[in-house]
Amino acid sequence: MPHFSYRNGALHAESVALADIASRYGTPTYVYSQQSLLENFASYATACQGRDALICYAMKANSNLAILRLLASRGAGFDLVSGGELLRVLAAGGDPRKCLFSGVGKTREEMRLALSHDILCFNVESIPELRRLNDIAGEAGKRAPVSLRVNPNVDAKTHPYIATGLKANKFGVAFSDALDTYRLAASLPNIDVVGIDCHIGSQLLDDAPLLEALDKLIDLVDTLGTEGIVIHHLDIGGGIGITYDDEQPVAVGDYLARVFRRIDAWREKAYGGRPIKVCFEPGRSIVGNAGVLLTRIEYLKPGEEKNFCIVDAAMNDMMRPAMYEAWMGVQTVTQREGPPVQYDIVGPVCESGDWLARDRALVAAEGDLLVINSAGAYGMTMASNYNTRGRAAEVLVDGEHCMLVRERETPESLFALEHLPD
C-alpha cells in the first residue's frame with residue numbers, strides 16, 4: 001500500500017495524517033487514496049493502449065459514487081450485478097453504454113431498466129434468463145445485446161466462496177451446454193448475440209487458470225463461427241488478486257500481455273484476422289489496496305488464553321474476516337515504543353464471529369487508532385446495520401486534501417423508513 005506510510009511516526013494517507021481524519025470525521029471511517037486508485041486503474045489502461053479493449057470496473061468491490069466518477073473520468077466502463085448498481089453509475093455520471101450486466105438473478109424490472117439505458121451487454125447465465133430477456137426486449141420494441149457467461153469448469157484455486165467457474169457453482173452456462181444455448185439465443189427474435197463471457201473467481205494469484213479459461217472460450221468462438229454465430233467481444237472477467245499479507249499476485253501488465261499474445265496469435269491463425277473487442281472486469285485489484293478502515297481502540301482486555309483489543313469497528317463494517325476467515329493487515333496509526341502484546345482485534349457486535357484480526361502483536365493503548373489494511377474492496381459494499389450500527393463514513397484523500405464522500409449513518413436514519421402500528 002505505497003500511498004499509506006509513516007511520517008515522523010504518524011501514519012498518513014498520501015499527505016494527510018490519519019489521526020487528523022479521525023479527529024475531523026470520527027471512527028470507524030473508510031479512507032481511500034485517490035492516487036492509488038488511479039495508479040491501479042492505469043496498470044490496466046496502459047496495458048490496453050492501442051487495442052480495442054474496455055476495462056469494466058466490477059463495482060461490487062466498492063460502489064462509492066466518488067470512486068465511480070473518478071474511474072469513469074478515466075474511461076472506465078462498469079460491471080454491474082444489480083439495477084441499483086446501474087443507477088449508481090448513472091448518478092456518478094458514468095456511461096451506461098459501457099456497462100455489462102452480470103448476475104444469475106436479474107429481475108424483469110432490472111432488465112427493463114437496463115434496456116431503457118441501452119447498456120452495452122447482458123451477461124446471460126441461464127436459458128430461463130435468456131427467454132425472459134427476449135420477452136421483455138420484445139415488449140420494449142428492442143433487441144437485447146447478449147453475451148453468454150460460459151462456465152469453463154476451471155479451478156481458480158481460490159477460496160470456495162469466491163470460486164465461480166466450476167461445475168458445482170451457480171454461475172454461468174455449463175461449457176457442455178454453451179453451444180446449444182448460443183443456438184437458441186441466435187434464434188430468438190429479440191436477442192442480438194454480441195459476445196462471450198466468463199469469470200472463474202477472484203483473488204487469483206496465478207494467471208494460469210485465467211489463461212486456461214481463455215483458451216476454452218477461444219475454442220468455443222471458433223465453433224460458433226462455423227455455425228454463422230459471430231462473436232464481437234470477448235470478456236474474460238476479472239479476478240487478479242492483491243497482497244494482503246505475503247501473497248505475490250501476478251502483475252497486471254504481465255497477465256494482460258499474455259492474454260493479448262494469445263488472442264493475437266489466434267486471430268491471425270484461426271479467426272481470419274477479424275477484429276474482436278476484449279473486455280476485462282477488475283475490481284479488487286483496483287480498489288483493494290487503495291483503502292483502509294480507520295478505527296479506535298475502546299478497551300484492552302487481558303485474558304487467561306487471549307488478550308482482546310476491542311475497537312469501534314466490527315464485523316458489520318468489515319465482513320471479510322468473519323465470512324472468509326480472511327487475513328488482513330493491522331497497523332497502529334501512531335508508532336509507540338515498548339514491548340508488543342499479542343491481541344485478537346475484535347469489535348462490539350454481539351457475536352463470537354465478530355473479529356477483524358487474530359494474534360497480532362501491537363504496542364498500543366486505549367484510545368489509540370488502528371487501521372485495517374487492504375480494506376478498499378468488499379468493505380463498505382458488504383457492510384450491514386447489524387446491532388443497529390450505522391455504517392461508517394468514507395473519505396477520499398487527494399494529496400494534501402481530503403473529502404467526505406459518504407456521511408456516517410445515524411441510528412435515526414436506520415429506522416426512518418419504519419412505521420409504528422396505530
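This is a predicted model: local features need pLDDT of at least 70, side-chain atom pairs count only at pLDDT 80 or more; totals for chains, interfaces and linings use all residues.
Which residue in β14 does Tyr30 stand opposite?

**View 1. Strand β4 between its two partner strands.** Tyr30 stands opposite Leu293 in β14. This position belongs to an antiparallel pairing of β4 with strand β14 (residues 291-301), made over four bridges. β4 is also joined to strand β20 (residues 393-398) by five bridges, and these two strands run parallel. Within that pairing, Thr29 has Ala393 of β20 as its bridge partner.

**View 2. Burial of strand β4.** Strand β4 (residues 29-33) is largely enclosed by the rest of the structure, because five of its five residues are buried. In a regular strand, side chains alternate between the two faces of the sheet. Both faces of β4 are covered. Thr29, Val31 and Ser33 are buried on one side, and Tyr30 and Tyr32 are buried on the other.

**View 3. Aromatic pairs.** A pair of aromatic rings is described by the distance of the centres and the angle of the planes. Four aromatic pairs are found in a search of the whole structure. One of them is formed by Tyr30 and Tyr32, whose ring centres are 6.3 Å apart and whose planes lie at 15 degrees, so this pair is stacked. Tyr30 and Tyr32 are both buried. For Phe260 and Phe280, the ring centres are 5.9 Å apart and the planes are at 85 degrees, so the pair is edge-to-face. Because Phe260 lies in helix α9 (residues 252-270) and Phe280 in strand β13 (residues 277-280), the pair ties together parts that are 20 residues apart in sequence. Phe260 and Phe280 are both buried.

**View 4. Packing of helices α6 and α7.** Two packed helices are described by the angle between their axes and the distance between the axes. The axes of helix α6 (residues 127-139) and helix α7 (residues 175-187) cross at roughly 5 degrees and come within 11 Å. With angles under 35 degrees counted as roughly parallel, α6 and α7 are therefore roughly parallel to each other. On the α6 side, Ile127, Leu130 and Arg131 meet Thr181, Leu184 and Ala185 of α7. Classified by residue type, the contact of α6 with α7 comprises four nonpolar, one polar and one charged residues.

**View 5. Surroundings of Ala144.** Ala144 is placed in strand β9 (residues 144-151). Its relative accessibility is 0%, so Ala144 counts as buried. Neighbours within four places in sequence aside, Ala144 is in contact with Leu115, Phe122, Leu133, Ala137, Asn190, Ile191 and Asp192.

**View 6. The open sheet β1-β2-β3.** Strands of a sheet pair through backbone hydrogen bonds, either parallel or antiparallel. Here three strands form an open sheet in the order β1-β2-β3, with antiparallel pairing. β1 (4-7) and β3 (16-17) are the edge strands, each of which pairs on one side only. Four bridges connect β1 and strand β2 (residues 10-13) in the antiparallel sense. In this pairing, Ser5 has His12 of β2 as its bridge partner.

Methods: Residues are numbered from 1 along each chain as its sequence is written. Side-chain values use heavy atoms; hydrogens and water are left out. Axes are lines fitted to C-alpha atoms, for helices over the stretch in contact, and angles run from 0 to 180 degrees between N-to-C directions. Angles under 35 degrees count as roughly parallel, over 145 as roughly antiparallel, 65 to 115 as roughly perpendicular and the rest as oblique. Contact means heavy atoms within 4.5 Å. Ala, Val, Leu, Ile, Met, Phe, Trp, Tyr, Cys and Pro count as nonpolar, Asp, Glu, Lys and Arg as charged, and the others, Gly among them, as polar. Buried means under 20% relative accessible area, exposed over 50%, partly exposed in between (1.4 Å probe, protein chains only). Two strands pair if DSSP finds at least two bridges between them. Rings of Phe, Tyr and Trp (its six-membered ring) pair if their centres lie within 6.5 Å; planes under 30 degrees apart count as stacked, over 60 as edge-to-face and the rest as tilted.
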